[in-house]
Amino acid sequence: MNTFRNCAWGDSLRNLRRVLVLVGLMMAPRLVAAVPPPLALWTFDRDARDQIGSLHGELVNGAVIREGRLVLRTQGAALLTDTLATNLTEKTVVLTVRPADAYYERGRLFTVSENSAVFDGVSFGWDIMGAWGEGQFWSADNEEGGAFWENSPEPDPDTLLHVVAVYDSGGGVTLYRNGKPFIARMQIRSRAHTFPAGQTRVIIGEMESTFRGEIEEAALYDRALTAAEVAELGTSLSPSVARMWNLELLKAIRIDTPHPPVHARNLFTLSAAMYDAWAAYDPVAVGLSYRRKHTARDVEAARDEAISYAAYTVLSERFANSLRGAETLLSLRRRMQHLGFDPDRTSVDLNSPTGVGLAVATSISRWFLNDGSRQTEGYQDVPASAGGYVPTQPHLDSVATGVGGLQDVNHWQPLIFTEVVPAGQNGSIVIKRDQSFLGAHWLGVRPFCLVRDDPRRPWMDPGPPPQFGGPTETEFRSNVVAVIRASSELTPGDGVIVDISPAAQGNNPLGLNTGKGHTRNPVTGKPYAPNLVRRGDFTRVLAEFWADGPHSETPPGHWNVLANQVTDSPGFSRQIGGVGPVLGKLEWDVKLYFSLNAAVHDAACAAWSLKRYYDGWRPLAAVRYLASLGQSSDPHLPRYHPSGLPLIPGLIELTTSFSVRVEGPHAGLAPNQIAIRAWSSPEVSDFGGIHFKGVSWIDAQTWVPYQRKSFVTPAFPGYISGHSTFSRAAAEVLTEFTGSAFFPGGMATHTVPVGGLGFEPGPAADVQLQWATYRDAADQAGLSRIWGGIHPPADDFPGRRVGAQCGQQAWALARQYFDGSVANQQIVATLEPVDTDRANLRYGTIRGLYYQVESASELNGPYSPIAEVPFRAEDGVGRELLTISSTQRWFRVTAWLSPLGSDQGR
């Protein structure tokens, strides 16, 4: 993008970039330089202002701007601009649209209008016959007005659509979609109409009907762009097939059971399949499982086809029996058809890209089917008789008071949820559902690159969490108090204002919250502006943004969403590590997904192995249990217990007969209770509305986390925080992969508008979350679980440290697959004598490679293999008991990419 700074357009190009690259997918400077600047540009970064000229807009009929998009959801929602300052004859309209349940009848999305009497309008959406299409409406004095419409495939609401309408001087119009014409030039007038200055406005949206969707960018040119210029703009917007299949998987996850380790594995499986299909046509890159090489006359087209068949096949296998599998399978078929591929082809002809993709899918499926996840058993743990998990604590009804029959607060207590299910004319029925440990057997699931000596122990072990009744009881109780304090901060009514800008938040050392923020934005060179909000709004927004529970893409998927947004950032350059050649979209996406999802898969293996090993407690039980013991501050007061909750004025108090009076601070409670000032779950009225309760004094034995009543606490033990582990692993990969610790532009944001909370009403004012670096965002993900009441700090900090190791190790190995050096790594081996004739050989391996131990009588050989064929490594360590003799005195280990060895060994 530096080319721009030497152009005659000067500083205005800072604002112009977004239309030249539209949503920010980077194009080569050679292409960008060919496109002229527009007359008007609306980027919707913060407001409806024209970033180039004076066509500033006003939002009408419920149109709003959120997250850099014009959101149109209500009848007549639109942006209405000031009048043109100059006459307009030839013109080009450029739109970047994200449809969302789009529907209108004969409406217009972008209109140039002369006092509503003469207009040209681009249409978009469903027509009255129920078909999706795009077209053109127009009207003119003394000339026949009309419209033309062409049916087209329904666009994916997760994929941006680039629509361009070019009006030439001869009265014709040509419509383009993603850079390609889909309606050839139509003669709409005998000659182009001149829209006069002072009488012409632009309407973005539809003031007479409804368009439900979002507009990312809009631009108006005062000339007819050529087909080549439109193609240059549209090419940058067309997503890679890897992105399309990534979005399909995210969509499938959102409607499936929220199972973070399973979906981390799903993301890595898809990423590995797409990467292997891509690498099959690359002479250097090494595939994870499929390693044959192929050629094609059109390599890019072959890769698109091979990747699609590999992705379609593995995703169809994974979601065939999922919660809403039929819906997902239909979506996957439609994706294949939209791409122009036959989803029913099954011929594995390796001379065709289809056959290559199917062969990749078979290889990847076999590799993952025996990884310990028990996919064919529905990811269920082995029976208890075979060593499966058995909860050590009885279940607690989620609507009950206290901890039920809890016997050991140091261990996870599963919950019983009450669900009201409609039952037709018979009203409704109440169903009780018991939580079971999701991913209990993940201790034994094979990761990408983690290594351990003992399969019975975690992959990484930061030690146990603090526990009640032992040397770490003081730390245990301080963590419980920290959760209560965080719950007390979930109210905007306490008057506390905090600065949540990168100037005041983030830049923490690993595993701590002692950072003081960043002095300045390294991209702009300027200090970060303050971002002052009510603390109670910030904490609730943070807890909800990172909640990632039901109906979400879960934490691993959330970081895929963020990674896609990073790639789509204005001016972003697809250079691995921030150096070297600018990659094409497909290569960038394939390698990014492989690295990122290898890391989050390993994070799942690491975190869930600790969850199984330590069976760690959750705050819900710990808060209530300590409160059931009493208070530990004053032996002369009622309810004293040396291990109870400490009394802290304004936070944890002992109720009295005076304090529980109507006018007292603890009104409504009974005397001699342990009261905490904490969040109270909102009440649902008989009319379906939610009554805001906020923070108040409550009986500590009724405390619940800041979550939905249908969720309360995840279905697995606490220690360590999965959010912290997933997030830091992803942050490490994004830092290394992009070559910068900072988000593009030096800051990323997410805005929750007024009334945008889901758990309860609020916030009263817009809250914009801001992060300077990927690690800052990851740290806030971990913190969100403390305010959300899901984890104590003792779960968060070790999760960050373990996640960092997962991310760093996954990236170090992934890049070796990219450059082929994975086949040339030195093998480190040790030989430990057992007795005079035997020794144990131990050596490092890379999963999926083939290894062979060879022996010789002399150091210089010749060496002969001990086993007839190489074995495929499924662990990170190879072990073999060797017999030492006069003919077997020296040993070496060789590695191969294929089981046949040949020239692929070392």
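**Helix packing, aromatic pairs and backbone geometry**

The axes of helix 5 and helix 8 (residues 353–369) come within 9 Å of each other and cross at roughly 145 degrees, where axes are lines fitted to C-alpha atoms, for helices over the stretch in contact, and angles run from 0 to 180 degrees between N-to-C directions. Helices (H or I, at least four residues) and strands (E, at least two) are DSSP runs, numbered from the N terminus. The structure is a predicted model, in which local features need pLDDT of at least 70 and side-chain atom pairs count only at pLDDT 80 or more, while totals for chains, interfaces and linings use all residues. Residues are numbered from 1 along each chain as its sequence is written, and side-chain values use heavy atoms, with hydrogens and water left out.

The crossing of helix 5 and helix 8 is right-handed (a crossing is left-handed if the near helix is turned anticlockwise from the far one by less than a right angle, and right-handed if clockwise). On the helix 5 side, Arg265, Phe268, Thr269, Ala272, Ala273, Asp276 and Ala277 meet Val360, Ile364, Phe368 and Leu369 of helix 8, contact being defined as heavy atoms within 4.5 Å.

A search of the whole structure finds 38 aromatic pairs; rings of Phe, Tyr and Trp (its six-membered ring) pair if their centres lie within 6.5 Å, and planes under 30 degrees apart count as stacked, over 60 as edge-to-face and the rest as tilted. The pair of Tyr275 and Trp278 is stacked, because the ring centres are 6.4 Å apart and the planes stand at 25 degrees. Both residues belong to helix 5 (residues 260–279), where they are three residues apart, about one turn of the helix. Tyr275 counts as buried at 0% relative accessibility, as does Trp278 at 3%, with buried meaning under 20% relative accessible area, exposed over 50% and partly exposed in between (1.4 Å probe, protein chains only). The aromatic pair of Trp608 and Phe726 is tilted, with 5.9 Å from centre to centre and 40 degrees between the planes. Trp608 lies in helix 12 (residues 585–614) and Phe726 in helix 14 (residues 722–738), so this pair ties together parts that are 118 residues apart in sequence. Trp608 and Phe726 are both buried. Ring pairs also link a cluster whose members include Phe268, Tyr275, Trp278, Phe368 and Phe448.

Charged side chains also meet aromatic faces; a charge sits over a ring if NZ of Lys or CZ of Arg is within 6 Å of the ring centre and within 35 degrees of the ring normal. The charged end of Lys611 is placed over the ring of Trp608, 5.0 Å from its centre, and Arg452 lies over the face of Trp459, at 3.7 Å from the ring centre.

Backbone geometry was examined in the loops. The peptide bond between Tyr719 and Ile720 is cis, with omega about 0 degrees, and Ile720 is located in the loop between strand 25 and helix 14. A cis peptide bond also runs from Gly762 to Pro763, with omega near -10 degrees, Pro763 being placed in the loop between strand 26 (748–752) and strand 27 (767–771). His551, although not a glycine, has a positive phi of about 65 degrees; His551 lies in the loop between helix 10 (535–545) and helix 11 (554–567) and is exposed, with a relative accessible area of 71%. Asp615, likewise not a glycine, has a positive phi of about 50 degrees; Asp615 is found in the loop between helix 12 and helix 13 and counts as buried at 6% relative accessibility.
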